[in-house]
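Work through the two exercises below with the structure in view. Each task is followed by a solution in steps.

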Amino acid sequence: MAEPLRVGLAGLGTVGSAVASMIMRSRAALAERAGRPIDLVAYASKDPPKDSSLDLSKLRKVADPVALARDGGIDVFVELMGGEGDPAKSSVEAALSIGRSVVTANKALLARHGVALARIAEAKQAALCFEAAVAGGIPIVKTLREGLGGSRVTRIYGILNGTCNYILTRMFKERMSFADCLKEAQRLGYAEADPTFDIGGFDTAHKLAILTSLAFGTEVDAEAVHVEGIESISLADLETADELGYRVKLLGVAQRTSAGIEQRVHPTMVRQGTVIAGVDGVLNAIAIDADTMELTLMGPGAGGAATSASVVADIADLAAGRRAPSFGRPIGSLTKPERAPIQRHEGGYYIRLAAVDRPGTAATIARRMADENISLESIMQRRRGPHGGDDPKTANKPAPVALITYATSEDAMRRALAAIEQDGVLAEKPQVIRIEK
């Protein structure tokens, strides 16, 4: 049998510990799959393993991850420290610069520096593998990079953050507030103590930027992603969406348009009965629309087990000699994406208004929509009292009104809402959720 592939691992958090355990536990199975043994021989970590039962006594410990990346005793460097800066960036650069292949799950690093790192890898004939960086255990990178043949992708979209999907699912199914669901997600370990990166949509944006490059052959352009989080979503929005036949999900969407490549992350209403609408809890799902097919992949998007499986799959590919360009094509052929601004987006919208209860309010709202040629598909006035009717306790409170529009432009929608606000017929800022077909 061929000589073992020697692996150096930097980072022993949840994913790193799971990777180390899988390599040591599944040595025989991996050797069969790869045609040679895979041995974890060295590691670098500033903290003890997340998994306290992990026995690292037979491995070499290297104090500095950059030194490990350059270590002559390894063949592949696995970076699982995270973060877009150092030491992750410097250690990956160090490995690639001497022609050593790298496996990483670091979406922040790839979203900011992926093209530059891929350029080094190509020049030094090394591989940069990152299946685990997007959607955990779902093999979306391999699918886009190797599985679509000559198909031309027109749109890729999906649920890319399990924390947000868990919160929105619990809110709707158990009629809980956003704040209470977030606390529960933190207690269960689905959300960090500072959850901003997840609930603000930034984690999804990094993943979407990587997928956009793979899908459309463009350079990674994280700055082009329009980002909105789920912080403003209320239980009333989820209940109204249900009554109108929709579910609310945080989606990342990239698509070709006449104005260029549109990249956006935001809460989205999707029709009940579709695959994406039925994906609940911490699961992820990604849909690909191409000229030859429509394809949806669904599975665990995070966690040690799922993510480590993707990391180890990349290592096994390298052991077997299976390689592909980092972003599916030679780095010089990636084009600079023409950005389609969110103002040019066209689609349907859900709008929730807190309308003041006085004569002429409805006519004012309708007139402003008509001024921008916005047609309304449905109008729903939610009941203010516990059973509807004229509850004296709520008689003077704003009337909740929900509108669903036919397709219109983002620009027109924003102009109409700005005019309605200026007319003084709203008691609070409008809630707007885009509808995805």
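On a 1 Å grid over the protein atoms alone, a pocket is an open set of points where a 1.4 Å probe fits, with protein on both sides within 12 Å along at least five of seven lines; its lining residues have an atom within 4 Å of a point. The model is predicted: local features need pLDDT of at least 70, side-chain atom pairs count only at pLDDT 80 or more, and totals for chains, interfaces and linings use all residues. Residues are numbered from 1 along each chain as its sequence is written, and side-chain values use heavy atoms, without hydrogens and water.

**Exercise 1.** Describe the lining of the second largest pocket.

Step 1. The lining has 17 residues, and V270, R271, T274, E436 and K437 lie nearest the centre.

Step 2. Strands β10 (260-271) and β17 each supply at least two of the lining residues. Strands are DSSP runs of E, at least two residues long, numbered from the N terminus.

Step 3. By class, 9 lining residues are nonpolar, 4 polar and 4 charged.

**Exercise 2.** Which strands does β13 pair with, and in what sense?

Step 1. Two strands pair if DSSP finds at least two bridges between them.

Step 2. With β16 (residues 408-409) the pairing is antiparallel over 2 bridges, and G347 is partnered by T408.

Conventions: Helix = DSSP H or I, 4+ residues; strand = E, 2+ residues; numbered from the N terminus. Nonpolar A, V, L, I, M, F, W, Y, C, P; charged D, E, K, R; others polar.
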